[in-house]
Amino acid sequence: MDLRSDTVTQPTSAMRDAMIRADVGDDVYGEDATINALEQRVARWLGKEAALFCSSGTQSNLLGLLSHCRNGEEYIVGQEYHTYRYEAGGAAVLGGIVPQTIEVEADGTLSLDTIAERIKPNDPHFPITRLLAFENTHAGHVISQDYFIRARTLAEQHGLRMHLDGARLVNAMAATQLTAAELAEPFDSVSVCCSKGLGAPVGSLLAGSADYIARARRWRKMVGGGMRQAGILAAAINYALDHHIERIRDDHDNAQWLANALKARCEHSDIVVSEARTNMVYLTLPSLELAQSLKHFMEPHHIKIGAAKKLRLVTHLDISRDDLERFVALFEDFLKS
């Protein structure tokens, strides 16, 4: 049982069969039929002109930023957003793009007033502000569509573009009942990761206008992302889009059950359990030592969790309700010990 992330899922037998049967070709030459069909499908799904298959969410976000901003230009981003904090500074290192960070609000948004204050005037002392970068979902929070519509109005007032790190966009779909195209509509570009809730083994896609994706394709080649017979990976994503979107609600239901079960057992302890808004439950522990003790307690039972004071537990394709019942029983034993 691995509760660290939804990136740990294994391809199902049916998904492996689809990969075996994939029609493949050289994608750098544009000759992989399965890749081409997937890119067209995802572009339509997101309501954009074109899409590009990428090896990872880090790569699709990197290409997204590089294709919007030139050397010396700036993107405004949340201090805790993935594109700034967890992607090794690629936009700055490889593109010379300046990040202007803003603290993330409790609901996962950025203050629009603060964004307006941080947009640089047209002055040679400053980098040129070019892009607003957002996330949906963020730390399990679904950001309201009304917020992004207001952000879009602000962006247009200042001539800015908007990029969405939609790594868990399917979770936002399940939580809001909005379509992928509706969630993507306010943005000039959208990155969607397929190796999280969808359960594919590898791959993300970047979507936007045809000209924008043409620039991204050139950047992908430059950073070593041009793959050859990658249709076997696209086939896995196609299978996930056909069969794994509806079941995302199961992950949300399981996370809600887990949150309620843990709250009941932590009622008289110093451990705080978050609400489960999508597929994540957070435990705030009183010390790092206690978090490490919990991790070590679970290891002999073949359960993998992190070891942080704010501990994230993630439900996914390979986690059943029976698994969670076993975890909660062991967690109760840990509290007693």
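A charge is said to sit over a ring if NZ of Lys or CZ of Arg is within 6 Å of the ring centre and within 35 degrees of the ring normal. With that in hand, welcome to a set of close-ups from a predicted model.

**View A. K310 sits over the ring of Y282.** Here K310 lies over the face of Y282. The distance to the ring centre is 5.1 Å. Strand β10 runs over residues 310-314, and β10 comes back in View C.

**View B. An aromatic cluster gathers F134, Y147, F148 and F187.** These four residues form one aromatic cluster. The structure holds seven aromatic pairs. One of them joins Y147 and F148, and this pair is edge-to-face. A pair of aromatic rings is described by the distance of the centres and the angle of the planes. For Y147 and F148, the centres are 5.4 Å apart and the planes stand at 65°. Because planes over 60 degrees apart count as edge-to-face, the angle of 65° puts the pair in that class. Are the two partners buried or exposed? Y147 counts as buried, at 4% relative accessibility, and F148 is buried too, with a relative accessible area of 1%.

**View C. Helix α13 and its buried residues.** Helix α13 spans residues 288-298, and A291, L294 and M298 are buried in it. Where do they lie around the axis? They cover an arc of only 60°, so they are on the same side of α13. The cover over the buried residues of α13 includes β10 (310-314) and α14 (321-336).

View D. Look for H138 in the loop between β4 (128-135) and α7 (145-157). This histidine is buried, because its relative accessible area is 10% and the cut-off for buried is under 20%. The side chain of H138 makes a polar contact with the side chain of E135, at 2.7 Å. Leaving aside residues up to four places away in sequence, H138 touches E80, Y81, V104 and G108.

**View E. N171 within helix α8.** N171 is found in helix α8, which runs over residues 169-176. How large is the relative accessible area of N171? The value is 0%, so N171 is buried. Which residues does N171 touch, not counting those up to four places away in sequence? They are T137, I248, H252, T278 and N279.

View F. H302 is found in the loop between α13 and β10. With a relative accessible area of 63%, H302 is exposed. G159 lies in the loop between α7 and β5 (161-166). At 54% relative accessibility, G159 counts as exposed. The C-alpha atoms of G159 and S13 are separated by 48 Å, and these two residues are 146 apart along the chain.

**View G. The annotated region, residues 2-283.** The UniProt annotation, from an unreviewed entry, reads "domain: Aromatic amino acid beta-eliminating lyase/threonine aldolase" and covers residues 2-283. Over this stretch the chain is 43% helix and 16% strand. The end C-alpha atoms of residues 2-283 are 16 Å apart.

How values were computed: Residues are numbered from 1 along each chain as its sequence is written. This is a predicted model: local features need pLDDT of at least 70, side-chain atom pairs count only at pLDDT 80 or more; totals for chains, interfaces and linings use all residues. Side-chain values use heavy atoms; hydrogens and water are left out. Rings of Phe, Tyr and Trp (its six-membered ring) pair if their centres lie within 6.5 Å; planes under 30 degrees apart count as stacked, over 60 as edge-to-face and the rest as tilted. Buried means under 20% relative accessible area, exposed over 50%, partly exposed in between (1.4 Å probe, protein chains only). Helices (H or I, at least four residues) and strands (E, at least two) are DSSP runs, numbered from the N terminus. The arc is that of the directions from the helix axis to the C-beta atoms. Contact means heavy atoms within 4.5 Å. UniProt positions are given in the numbering used here, feature names are shortened, and annotations may be inferred rather than shown by experiment. A polar contact is a pair of N or O atoms within 3.5 Å; within protein, one must be able to donate a hydrogen and the other to accept it, and residues adjacent in sequence count only if both atoms are side-chain atoms.
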